[in-house]
Each structure stands twice: as C-alpha cells, then as structure tokens.
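I opened this entry to keep track of what I looked up, and in what order. The structure goes in first, then my notes.

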Amino acid sequence: MPAYAIIGGQWGDEGKGKVVDYLARDMHIVARYSGGNNAGHTVMNEKGQFAFHLVPSGIFWPQVTCVIGNGVVVDPDVLLNEIEGLQKVGVDVHRLQVSDRAHLIMPYHILLDRLEEEARGHRAIGTTGKGVGPAYEDKAGRRGIRLGDLLDLEALLPRLKAILDYKNRIITGVYGGRPFTLEEVYERCRGWAERLRPFIAPVEITVRQALAQGQRILLEGAQGSLLDLDHGTYPYVTSSYPTVGGACIGLGLPPSAVQGVLGVFKAYTTRVGGGPLPTELTDATGDAIRERAWEYGTTTGRPRRCGWFDAVAARYSVMVNGVNMAVLTRLDVLDGFHPVRICTAYRLNGKVVEHFPSSAALLAKCTPVYEDLPGWDRPTAGLTRWDDLPPQAQRYAKRLEELLGCPLALISTGPHRHETIEIRRIN
Ligand code: IMP
C-alpha cells in the first residue's frame, strides 16, 4: 500500500506543484494534508497556467481522486473559486473531496491575521495574510469550525454565536477593530454549505480504501520543512506541519503506508517573509536570480529573498523527514553563473558548525561557509536527459546529492511536465 510524500525541503516555493503534476500520472489519489491558501502551486499544461492554493495539483489527470485532508485549513471562498475555474476549462471536479474534519478559515481569521501582524510591528512574521495562523490557533483552542459543521447548521448556530462573541471581544477590545454580526457570518456559512456539500466527505475512509486496494497515493506537501511549526525557524514559521509527520496526522494515514519521501529542493534558496536566511544575497547576484527565475510569491506577489543553496538547512530537512529521494528543481536558473556556490557549514560564534540551529535567533548569527564549483554556460532549460547536461551542471547536481545524503530521482529543467530529467523511477 504505497504512499509517496512530496515534501518541500527548504522554505517553500521549491516547485512542488510541477513535480506533483508530473508524478500524478501514475497515481490514484493526490492528497493535500497541511496548510491552506497561503500555499501557491503552479501547474502549466495544455489547458493553461494554474496557480492552485487549495486544490491538489493532480486534478488534471482524469484517473486521480484529489483529496483535501483534515490537516488543511480551508477558506471556502478560495476553494469555490478554484472549483469554478476548473469547471470553466472542462475539468471534472467530481473527483475532489474535502475532509469533513478540515477547519474553516472564517472572515474573522483573515481580519485577525492582519491586525496581529500590524501589532507585531518590526517583529512581523510576514504572513500571507490569509487567516491561516488564526484558524490553526482556534483549532488548537477548540474554537474551530469544521467543514462537517456546515452539514448541520442548526447545531452550528449556538456554537458560532459563542465563538463570535469571543472573537469580537478580541477584535474590538485588543485591536479596536470592527466586530462581525452573527447574521453576516451565519449567512456566509449557509451559502458555503449549499455549494460545498457535494465535496465534503470522510476522506480518511477514501484513503484507507485506496490503500487496501493497493492503489498509489501521492501526498502533496505545502510550504517547506523550514517553515514547519516545530522543525522550522520558529517563530518565523507557518502554523502547520509541512514535514512528513504532518501527512499522517493531516490525512489519518498510518505512517507504515509511507513508502517514499521525496524532498524537493530548488537549486538555490529562497524565502518570503521575515526570519533569518544565512545564504541570502542582497547584491546584484541575488537580484539576477530573482529576475531570471521570477521569484515573486504565487499567493502574495511579494519579491522572494534569494541566495545560494544551503546544504546545512537541506540536510536537516532530509533528517527530519527521512527523505529517501531528492528532486532538484530550477537548475536552469543557475545557467551562466560563475562560480556556483554551496553553503556546506555555518560559522557561529567563531566555530564552524554543521548542524542547523534550533532557533531563529541563533540562525541569524550564522554566516555561511561556501564551497565554490565551476559554473556552466550552455543552457540547461528544457533538457530531458542527464547526459545532455553540461559536465559542470552534472558535477553540481552530484555534489548536492552527496551533501544531501540521498539519491536524486528527478531534475526539473522547466515548468512544463516534459521538462524533466528522470534519473530514477519512483516505486
Ligand atoms: P502564514 O502561513 O501565512 O501564517 O505565514 C507564515 C510564514 O510562512 C511567512 O513567512 C510566509 O511568507 C511563509 N509562507 C506561508 N506559506 C508559504 C508558501 O507557500 N511559500 C513560501 N512561504 C510561505
């Protein structure tokens, strides 16, 4: 009963959407298990270019059932918008299921996300402002509203009233914001219930049945391991678990079902929002990477901070996820850079360290120790065979493989499905 996890190995935006779309051709189920519409997964195919925030990137393969697990927080308006967009281009959306246990991002979560960020001032996390953090807070605080609650609005009403009273007291008392009326929020719930009802399902059963039948499941990670609530650069993290453990919790999946963990790593590093980034390039090289790769957020449009590949951070991701195969993306962005640099260790308080520190404060004090490799001039964009890569690009990829300590399965050389070098089959 094989499930394969696609995990972001850095700070998100590694190009997971393209990888999921590529691998989904051999899958029966593609499942999102964490995060919300703070994620943005880009897929390009014959139907156009799509930026998904919630719908799993496998939706374009007709044999695939797409599942949004209980670990995801769902903004119903965003989900409905994506469903409509897919219907417009003729995609069958009956293959989409959303867990009745998944929590809703409510309008007050979006407002509170903004108010809390403003209140943080220069310590702002740089959240995507989509209400994701406040929704997970309410989940843990047992004040959350789940998609399943939309199926019994009568039972929801008194709970919603109590929750809204509490939220309004915070909005007005702490932040001086505008309170929500029960009527406006309840009306929105009614509208969502009507339109989302056909998609709401106990998805853990779908997943277990698929496993029992020996079907193949792809677990689509969102964000990156270094944004993980526990394993990331706390407090500059998201509020969920992008690491592989999150997949088990976020779908009701037994850990023994996970056969392969594919870590997706961009050939360089990016980060969006606040928090330390040891290899950050604030010079012309960083700008050149950003412009060539169009490193601007899919969700917020913000410029991403760019830097060289950080093997200390990447190795840590390999460790906490048990990554057993790596995927290298956007290698073509480094075409023409001389040299290409890899951070192999940090200098911290006068000592060379090879482990990733546990706090953002410590990481902020780390400076990179670089290893320089010769660059290459011949373009690698669109290549589909390992042998066609310039020898220097092969050497770079091999060195990353060595530093990660796990074999490379795929190299992505462009946004389209076919722009992929398959080194090993995923099985
Ligand atoms: P939140 O998830 O919106 O609360 O944002 C918390 C941090 O995670 C911020 O630094 C965001 O920029 C970052 N973040 C959240 N989702 C993504 C993503 O999909 N890609 C990259 N960064 C993200």
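**Domains.** Before using any domain, I noted that domain bounds come from an automatic or database domain assignment. The model I am reading is predicted. For the protein chain, the assignment lists domain 1 (3-100 + 200-261), domain 2 (103-196) and domain 3 (265-315 + 330-405 + 414-422). I looked up the C-alpha centres of domain 1 and domain 3 and found them 25 Å apart. In the contact between these two, domain 1 takes part with 28 residues and domain 3 with 29 residues.

**The interface.** I then looked up the area buried between domain 1 and domain 3, which is about 2,300 Å². Carbon and sulfur atoms give 55% of that area. I also found 3 salt bridges across the interface of domain 1 and domain 3, along with 17 residue pairs in polar contact. On the side of domain 1 that touches domain 3, helix H1 (16-23) and strand E3 (41-45) each supply at least two residues.

**Salt bridges.** My search of the whole structure returned 31 salt bridges. One of them joins Arg304 to Asp13, with the closest N and O atoms 3.2 Å apart. Both residues belong to a network of salt bridges that links Asp13, Lys266, Glu295, Arg304 and Arg330.

I checked two pairs inside helices. Glu187 and Arg190 form a salt bridge with a closest N to O distance of 2.6 Å. They sit 3 residues apart in helix H6 (residues 182-196), so about one helical turn separates them. Glu187 is partly exposed at 41% relative accessibility, and Arg190 is partly exposed at 40%. In helix H9, Arg290 and Asp287 are also 3 residues apart, about one turn, and their side chains meet in a salt bridge at 3.0 Å, N to O. Here Arg290 is buried at 13%, whereas Asp287 is partly exposed at 37%.

Arg305 and Glu280 form another salt bridge, at 3.0 Å. Arg305 lies in strand E13 (residues 305-307) and Glu280 in the loop between strand E12 (269-271) and helix H9 (284-293), so this pair ties together parts 25 residues apart in sequence.

**Cysteines.** Last, I searched the whole structure for disulfides and found 0. Why is Cys248 too far from the closest cysteine sulfur for a bond? That sulfur, in Cys406, is 19 Å away, while a disulfide needs two cysteine sulfur atoms within 2.5 Å. Cys366 is in no disulfide either, its nearest cysteine sulfur being that of Cys343, 8.8 Å away. Cys248 is buried at 15% relative accessibility, and Cys366 is buried at 5%.

Terms used
Residues numbered from 1 in each chain as written. Predicted model: local features only at pLDDT ≥ 70, side-chain atom pairs only at ≥ 80, totals over all residues. Heavy atoms only, no water. Buried < 20%, exposed > 50% of the residue type's maximum accessible area, 1.4 Å probe, protein only. Contact = heavy atoms within 4.5 Å. Buried area = accessible area lost by both parts, 1.4 Å probe. Salt bridge = Lys/Arg side-chain N within 4 Å of Asp/Glu carboxyl O. Polar contact = N/O pair within 3.5 Å; in protein donor to acceptor, adjacent residues only side chain to side chain. Helix = DSSP H or I, 4+ residues; strand = E, 2+ residues; numbered from the N terminus.
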